[in-house]
Amino acid sequence: MSAERIDGSVLVVNAGSSSLKYQVLDPTTEEVIADGLAEQIGEGSSRIKHRYRGHDVVVEGVLPDHEAAIATVLELFASDGVDIADSGLAAVGHRVVHGGRSFFAPTLIDETVRSEIERICPLAPLHNPANLVGIEAVTALLPDVPAVAVFDTAFFHDLPAAASTYALDAEVAQQYAIRRYGFHGTSHEYVSRKTAETLGRDYGELNQIVLHLGNGASMSAVACGRPIDTTMGMTPLEGLVMGTRTGDIDPGIVFQLARVAGMSIDDIDTLVNKRSGLKGLCGENDFRSVLERADAGDESARLAYDVYLHRLRRYIGAYMIELGGLDAIVFTAGVGENAAPVRADSLAGLENYGIEIDAERNAIRSSEPRVISTDASSITVLVVPTNEELAIARQ
Ligand code: ADP
């Protein structure tokens, strides 16, 4: 069999603590050549779902670490006839969650960059160490392919000081690099640019609110192509109610849990990151189930939905004021792209502010960017599917 070529394509890697998502795609034609997910790495029984040009395979076995996972993925490519190390791959793009104060652009990874990412780990202890393990594992196996880090915080690097500064003792904040960084930046940038393209307008002349509503969720205010605020802060915990994260809470709650409930810092970290949000309120973080149960009259699911909506509307209102004038409100990610009731309810009753959703347009299901407001609505409301892998590959 002659070796398959994938010239000019990019391998995008998103490494989590026990998982590794990957895609090989052509950034020019946008074709996804392969994609896959390795799960439960280091947990006894692991599994890789791999798809190459529409052909699926599932491999079960033991993957002790990320390097073993990547090695198995490379073997899967080899059985597809692709020798990844010598197939014309242009680059590897690594999603890195936290770029701290140092990184604001896609960065070619060398030893200095690698150690700087390591230095930032205390700012994102749940994410950056896993991203780094992914970088090391891929670099060990593909040493000759240029590796580039794309940071989730990059788009928000230049937030205005008033939006990025916590009202905390300034010296302490300075010493520990405590400020608002913002996350999901790759998605917010991709979606806001796509919105301008969809509307046939200049990116630099549009004021937008982007709602990235997935399992993790964040909102941004983008003024003339520049983000001026976002809901996530020093970590991806601040802001909106999420699948399993609290979003904004009174920090006094943490002291209360430590002093009165006797919980350790690690217990509280797990509580607010993994056992809260929709899951904490009604036992489930899959938004489809929350909607179904709320519709069927389940009280805890209804309350979870109401709390979620209340937070969304609070920030929409805040960002309308911050932006001064608003051209577009844009929904993206799993919930934003698929849950028509969330879109309708989060903007209900705002006709006096020039926001009017068209019920029929809102009900249409599609994977294309689309307008869902009425022609009379002075602010245009859209659904624009995100594509973080494509955005990383292009960068
Ligand atoms: P992440 O990348 O943060 O894991 P996604 O952007 O994939 O998340 O979004 C996952 C969320 O989208 C889940 O809560 C899921 O229930 C929700 N979702 C997916 N499809 C639908 C749908 N048809 N209706 C409502 N929610 C949906």
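This is a predicted model: local features need pLDDT of at least 70, side-chain atom pairs count only at pLDDT 80 or more; totals for chains, interfaces and linings use all residues.
Take Val172, which sits in helix 5 (residues 170-175). Its relative accessibility is 37%, so Val172 counts as partly exposed.

Six strands form an open sheet with mixed pairing, in the order 11-10-9-12-14-13. Which strands stand at the edges? They are strand 11 (226-230) and strand 13 (370-371); each has a single partner strand, so one side of each lacks a neighbour in the sheet. Strand 11 pairs with strand 10 (residues 217-223) in the antiparallel sense, over four bridges. Within that pairing, Val222 has Pro227 of strand 11 as its bridge partner.

| Helix | Strands touched | Angle with strand 9 |
|---|---|---|
| Helix 6 (residues 185-199) | strand 9 (207-213), strand 10, strand 12 (328-332), strand 13 and strand 14 (380-383) | about 130° |
| Helix 11 (residues 299-323) | strand 9, strand 10 and strand 11 | about 160° |

Which residues of helix 8 (residues 265-274) are buried? They are Ile268, Leu271, Val272 and Asn273, and they pack against helix 7 (252-259). As a reminder, an α-helix has 3.6 residues a turn, so residues three or four places apart point the same way.

Terms used
Residues are numbered from 1 along each chain as its sequence is written. Side-chain values use heavy atoms; hydrogens and water are left out. Two strands pair if DSSP finds at least two bridges between them. Helices (H or I, at least four residues) and strands (E, at least two) are DSSP runs, numbered from the N terminus. Contact means heavy atoms within 4.5 Å. Axes are lines fitted to C-alpha atoms, for helices over the stretch in contact, and angles run from 0 to 180 degrees between N-to-C directions. Buried means under 20% relative accessible area, exposed over 50%, partly exposed in between (1.4 Å probe, protein chains only).
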